Amino acid sequence: MTKEQWGQLKQNLLASVGKNNFKNWIEPLELSYIADGVVTFAVPTVFLGNYVSQNFGDLILYHVNSLAPDVRRIQFQTAANTTATPKPEPKAAEPEPVAATADENQVPTAPLDARFTFDSFVVGKPNELAHAAAKRVAEGGPVTFNPLFLYGGVGLGKTHLMHAIAWELKTRRPDLNVVYLSAEQFMYRFVQALRDRKMMDFKEMFRSVDVLMVDDVQFIAGKDSTQEEFFHTFNALVDQNKQIIISADRAPGEIQNLEERIKSRLQCGLVVDLHPTDYELRLGILQTKTDQFFRQYPDLKMADGVLEFLAHRISTNVRVLEGALTRLFAFASLVGHEITLELTQDCLADVLRASERKISVEEIQRQVSDHYNIRLSDMIGPKRLRNFARPRQVAMYLCKQMTSRSLPEIGRRFGGRDHTTVMHGVKRIEELRTQDAQIAEDLELLRRTLEG
Ligand SMILES: Nc1ncnc2c1ncn2[C@@H]1O[C@H](COP(=O)(O)OP(=O)(O)OP(=O)(O)O)[C@@H](O)[C@H]1O
């Protein structure tokens, strides 16, 4: 993103925030630079940076992402200070964001995102274990499991939990030297130390850390000398009983091109995973984030059912969910309209399409036969017994509703039946759905399970 493009984006923001806000808060922002997914704006005062970060942070990030999709965070800088953002829920006791420390004898820790605290982390079944383990480590008591290894798919909250641990430790145990960095940064510092012939300093620095947190450790797979150094650092810290917390996108044993001895070390402590979100967790996250957005856009209204719709339809990851909500609020404020289901479908058409899970006929058949406790072969086969015929019709109905298969295609996959048979089955279930509460409930349950 160039300065000219930022100038253009500012104009787009004018429409969203109104003239007064624009003049007071947005106009003074000067683009300084973009690096490592962080865009830095120069601001005249810390107060202005904080205010903008709290009130317009998400909106600015949203606009910046339209030109620079890799940017994940924005921060503000005066001549003397750097402020990470956005920080929607400031509290008196909330720790101030920190930038990299410059002390020569300490490992520079990566900046922590002020939004990623335990308070803002929504707990549900899929992440309760990871959350509990993170909380325990964040107490800063005696080391009970070492390392804590958190893993899970993209955007499920690993970095959020890591930052939350770091924030909490900084508050509870300011005496500890807590270092958070990505595996990529670890490698970068290692390579730099090699280049500058400062390996002794590097080793000393890392061995003086009390709590070492390394994010996305899968990054060092295949990078032999970095792995070697990581292994030594790891062992030295464990020997001194210092806490190590690691995150990765998969379990230690599944990281390819990672030395066996490292894999086994990583498995020595507590390995917990963040499972893909379920409907309830997604809804909880959406509700929490929506409350925050309403503080930012107090005049907006939202119709019933919108959050439930989003929680149903976007089942990929939390980052996508958040992005969708940010866009929805920015859009609604732009057009000055209540957030209705229709507006949501319009505004998020591409996101909704992209997160549509392709459900197969086979999956439906399997799920339905499991549900009714019959054999798959009986459901697909020729038997006309009602015990088999009704589940078969239910499965046909779901195939029609949830896949893009045509009636003849569905017929073929149900033992070569004619398309008129499928049509009849679909119609029958449509009727029963309104007359028979049990069938309606079965359909709802099956649909939910299939949608994941
Ligand atoms: N349970 C949760 N409650 C609130 N916000 C969450 C939760 N899980 C994830 N998020 C939010 O989703 C976004 C993505 O999370 P995060 O960056 O921690 O994912 P990640 O697992 O580290 O992903 P990646 O593998 O891409 O680095 C963040 O904005 C984070 O705050």
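**Exercise 1. The nonpolar cores**

How many residues does the largest nonpolar core have, and which of them have the most contacts inside it?

*Solution.* The structure is a predicted model.

Step 1. The count for the largest nonpolar core is 80 residues.

Step 2. Within this core, Ile165, Ala166 and Met213 have the most contacts.

Step 3. Helix 12, which spans residues 318-335, gives the most to this core, namely 8 residues.

Step 4. Consider Ile165 in detail. Leaving aside residues up to four places away in sequence, Ile165 touches Ala134, Val137, Ala138, Met213 and Ile245.

Step 5. A separate, second core of 16 residues also exists; Ala395, Met396, Leu398 and Phe414 are among its members.

Step 6. A general principle applies here: in soluble globular proteins, nonpolar side chains tend to be buried together.

**Exercise 2. The surroundings of strand 8**

Determine whether the residues of strand 8 are buried or exposed, and identify the strands joined to strand 8 by bridges.

*Solution.* 

Step 1. Strand 5 (residues 148-152) runs parallel to strand 8 and is joined to it by 4 bridges. In this pairing, Leu148 stands opposite Ile245.

Step 2. Strand 7 (residues 211-215) is likewise parallel to strand 8, with 4 bridges between them. Here Val211 stands opposite Gln243.

Step 3. Between strand 7 and strand 8 the chain passes through helix 8 (residues 224-239), forming a right-handed β-α-β crossover.

**Exercise 3. The whole chain and its confidence**

State how many helices and strands the chain has, and find where the pLDDT is below 50.

*Solution.* 

Step 1. The chain has 20 helices and 9 strands. Of its 452 residues, 34% count as buried.

Step 2. Among contacts between residues at least 6 apart in sequence, 72% join residues at least 24 apart.

Step 3. The average pLDDT of the chain is 87, and 93% of the residues score at least 70.

Step 4. The pLDDT is below 50 over residues 85-104, a stretch with 44 contacts in the model beyond near neighbours in sequence.

Step 5. Where pLDDT is low, the predicted coordinates should not be read in detail.

Conventions
Residues are numbered from 1 along each chain as its sequence is written. A nonpolar core is a set of buried Ala, Val, Leu, Ile, Met, Phe, Trp, Tyr and Cys residues joined through C-beta atoms within 7 Å. A residue is buried if 20 or more other C-beta atoms lie within 10 Å of its own, exposed if 12 or fewer, and partly exposed in between; C-beta atoms are placed from the backbone. Helices (H or I, at least four residues) and strands (E, at least two) are DSSP runs, numbered from the N terminus. Two residues are in contact if their C-beta atoms, placed from the backbone, lie within 7 Å. Two strands pair if DSSP finds at least two bridges between them. A crossover is right-handed if, with the strands pointing away from the viewer, the path from the first strand over the helix to the second runs clockwise. pLDDT is the predictor's confidence in each residue, from 0 to 100.
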